[in-house]
Amino acid sequence: MTERTTCVVIGGGPAGMVAGLLLARAGVEVTVLEKHGDFLRDFRGDTVHPSTQELLDELGLGERFAELPQSRLEEIAFPVGEGQNLVVGDLRRLRTAHPYIAMVPQWDFLNLLAEAGNAEDTFTLRMHTEVTGLIREGGLVVGVRYRTADGETGELRADLTIACDGRSSLARREANLRPKELPVPIDAWWFRLPRRADETDPTLRPRMRDGRFAIVIPREGYFQIAWIARKGKDPQLRAAGIERFRDELVALFPHFADRAGALESMDDIKHLDVRLNRLYRWHVDGLLCIGDAAHAMSPIGGVGINLAVQDAVAAATLLAGPLRRGQASQRELAKVRGRRLLPTILVQTLQRILHRVVVRPVVDGRRNGPPAPMVRLMRAVPKATFLPAYLIGIGFRPEHAPDFARRLSRPARGS
């Protein structure tokens, strides 16, 4: 079966859903293809930063977003001694309607965007539909081939294909777009532990001791924990078994001894192969890559979702007009990269610096906290906590909703 749309978006993650929603509000016929039947995936990035929350206000979705189950992070702190913490990023210093990071289950965030998209006449979301390849004619990408959960196959032809299918992007691979890989010294292992009702601290607190490094993220009803270790250590961790891992956990977090048993096997611990890369070219004729398909980010700072969303806003802003007129040229596709490349490079450069001066010395056992110059600066100049908060919470080039996508907006309650 062969069908047609103006724009097909591969992947129903944050970048794909935002791009689809904005293009539909511009009157562009857009179809988003998502291979899963729902958005329920554990340990996806769940940080929604102040800049993204401002975008939701501009789209008229602020109040509905505020009603989602969430916890709020107002500061980022490092341990600098027994019982002492150093605040390195104070989000409350930001001049924004949302001076905090909202920790929201990504499936709730995506369902909100899906509901908003379904309210638009030109938006279609097709779940259980996996893209299996690109359709190319004379060097031009003219759509995709797909397969549904019941085995039905078909073709969806389009004037533009937007690849939002993540760091292992099939579309990117088929278009022979190869990312430049940057060195990364760490991997992450994600798991969750129960959170008591009296544990109300809204702070993101990394903890470092004797070569162990983990970040505790407070969530509604549980803690989400990122265990950071040297790259390539996954086979060793799994071979050591769950009892050894529990011992390591309690050595770093003695107060979790009463709940370490919630980790029943190593299957409860999900490995993330941390990658840091970016494409030199984000497009070929008829195809544009954005989000993780264009640049994989480290989990440090939790900025991946927000960069992907900003890519999507930039793409919709720049391409809605050309798509309404019939086709987006290669020159117009290149403008998306031109707008988003510098913020991507700056964030990746910042992450590489943090890998080198903060994270690597800790996992190698050479230090149990941030470097001394950082500690002295933050203690001597408390207002310096504004800069890390701004870089993480707002970013180098925040994007705002184009006029065609804006709706009557009221700020989220409680802001």
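Tutor: On a 1 Å grid over the protein atoms alone, a cavity is a set of points where a 1.4 Å probe fits but cannot get out, and lining residues have an atom within 4 Å of a point. Grid points are joined across faces, edges and corners, and the volume is the space filled by probe spheres set on the points. With that, the structure holds one cavity of 30 Å³ or more. A word on the source: this is a predicted model, where local features need pLDDT of at least 70, side-chain atom pairs count only at pLDDT 80 or more, and totals for chains, interfaces and linings use all residues. Residues are numbered from 1 along each chain as its sequence is written, and side-chain values use heavy atoms, with hydrogens and water left out.

Student: What volume does the largest cavity have, and which residues lie nearest its centre?

Tutor: Its volume is about 100 Å³. Of the 16 residues lining the largest cavity, Leu 307, Gln 310, Leu 391, Ile 394 and Gly 395 lie nearest its centre.

Student: Which helices supply at least two residues of that lining?

Tutor: Helices here are DSSP runs (H or I, at least four residues), numbered from the N terminus. Helix 8, helix 9 (330-363) and helix 11 (386-393) each supply at least two.

Student: Where is Asn 306 found, and is Asn 306 buried or exposed?

Tutor: Asn 306 is found in helix 8, which spans residues 304-325. Buried means under 20% relative accessible area, exposed over 50%, and partly exposed in between (1.4 Å probe, protein chains only). Asn 306 counts as buried because its relative accessibility is 4%. Its side chain also reaches the backbone nitrogen of His 49 at 3.1 Å; a polar contact is a pair of N or O atoms within 3.5 Å, where within protein one must be able to donate a hydrogen and the other to accept it, and residues adjacent in sequence count only if both atoms are side-chain atoms.

Student: How many disulfides are there?

Tutor: A disulfide is a pair of cysteine sulfur atoms within 2.5 Å. By this rule the count is zero. Cys 7 is in no disulfide, and the nearest cysteine sulfur, that of Cys 164, is 8.6 Å away. Cys 7 counts as buried, at 0% relative accessibility; Cys 164 counts as buried too, at 11%.

Definitions and conventions:
1 Å grid on protein atoms, 1.4 Å probe; cavity = no way out; pocket = protein on both sides within 12 Å on 5 of 7 lines; lining within 4 Å.
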